[in-house]
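Visitor: I'm new to looking at protein structures. Could you walk me through a few features?

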Amino acid sequence: MDNNNTTIVILITSLTVILLIVVIIVIFSIFQRRKEKFLLEKRADEIRFEEEIIKSQLETQEQTLQNISWELHDNVGQLLSVAKMQLNMLEPEVANGQKSILDETSEIIGKSLQEIRTLSKLLNPEIVRNMGLKEAIELEMQRFNRLKFLKAELKIIGTEVDIDKKDEIILFRILQEFLSNSIKHAKTTTLEVTLSFTPENLIITAQDFGVGFDKETIENGSGLINMKSRAKLIRTGFSLSSEKDAGVSLILTYPLNPTS
């Protein structure tokens, strides 16, 4: 009888211990799942918060650019127009020997006015949105070629596809930042931009053939940070590479079917 009781006690104790272990495992698993869910939700909230900050910053920047565009068009452009008109009014009274100087000055003012108007368009997000990405890039290339900063060329590969207008502006601003840096720092005579349309992506490649740079020295620069932030916001792959005396290459991979 004692042996039977002992066996029963051991069995009950064993079952109790096993049940307790199972309960602990279940509780721990539930806790882990909730913890993981909480961490995922927290990370998602952080990502959304970061995106909202970036969107807010971009909206502020675009509004600033729009204001500058209006100032250039309405004020600076108007002043240049008046100056050109007054020079034309003086032409009949200028001696023949000085007419060439007057004509040259009038031509310079006319070219400046044209560049102010072009720059005003490219800074205004509403105009860029209406033009579309390809036309905006073409206008930028024409401006570079006209000013003879360098030789700029745009190539289109594949069948063009319409993309979100807001995304077009962001892609264009990234490209503008790259082109601006190339003109300022690259000491290049050539710029090439390619829009390559595939069934899955729009791949934008921009290449200068200048002096290049050491990536580590500009990793924390505001220009590079801005480009990366803009690309991240529209789920666009971003790659910037450079070799000394071999120029800089930018590759943007924009998904045409992000939900698929």
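**Salt bridges and a hairpin**

Guide: Lys 134 and Glu 160 form a salt bridge, with their closest N and O atoms 3.2 Å apart. Lys 134 sits in helix α4 and Glu 160 in the loop between β1 and α5, so the pair ties together parts that are 26 residues apart in sequence. Keep in mind that this is a predicted model.

Visitor: How many salt bridges does a search of the whole structure find?

Guide: Six. One of them joins Glu 126 to Arg 129, with the closest N and O atoms 2.8 Å apart. These two are three residues apart in helix α3, which means about one helical turn separates them.

Visitor: And is Glu 140 buried or exposed?

Guide: The idea is that under 20% relative accessible area counts as buried. Glu 140 has 4%, so it is buried. Its salt-bridge partner is Arg 143, at 3.1 Å from N to O, and Arg 143 is buried too, at 14%.

Visitor: Now the strands. How do β4 and β5 run?

Guide: They run antiparallel, joined by seven bridges. Phe 238 stands opposite Leu 252 in β5. Three residues lie between the strands of this hairpin, and Asp 245 takes a positive phi near 65°.

Visitor: Where do side chains point in a strand?

Guide: In a regular strand they alternate between the two faces of the sheet. For a case to look at, pick Ser 249, found in β5. Ser 249 is buried, at 12% relative accessible area. Its side chain makes a polar contact with the side chain of Gln 207 (3.5 Å), and the residues Ser 249 touches include Thr 205, Ala 206 and Leu 240.

Note on methods
Residues numbered from 1 in each chain as written. Predicted model: local features only at pLDDT ≥ 70, side-chain atom pairs only at ≥ 80, totals over all residues. Heavy atoms only, no water. Pairing = 2+ DSSP bridges. Helix = DSSP H or I, 4+ residues; strand = E, 2+ residues; numbered from the N terminus. Buried < 20%, exposed > 50% of the residue type's maximum accessible area, 1.4 Å probe, protein only. Polar contact = N/O pair within 3.5 Å; in protein donor to acceptor, adjacent residues only side chain to side chain. Contact = heavy atoms within 4.5 Å. Salt bridge = Lys/Arg side-chain N within 4 Å of Asp/Glu carboxyl O. Lists of a residue's contacts leave out its neighbours within four places in sequence.
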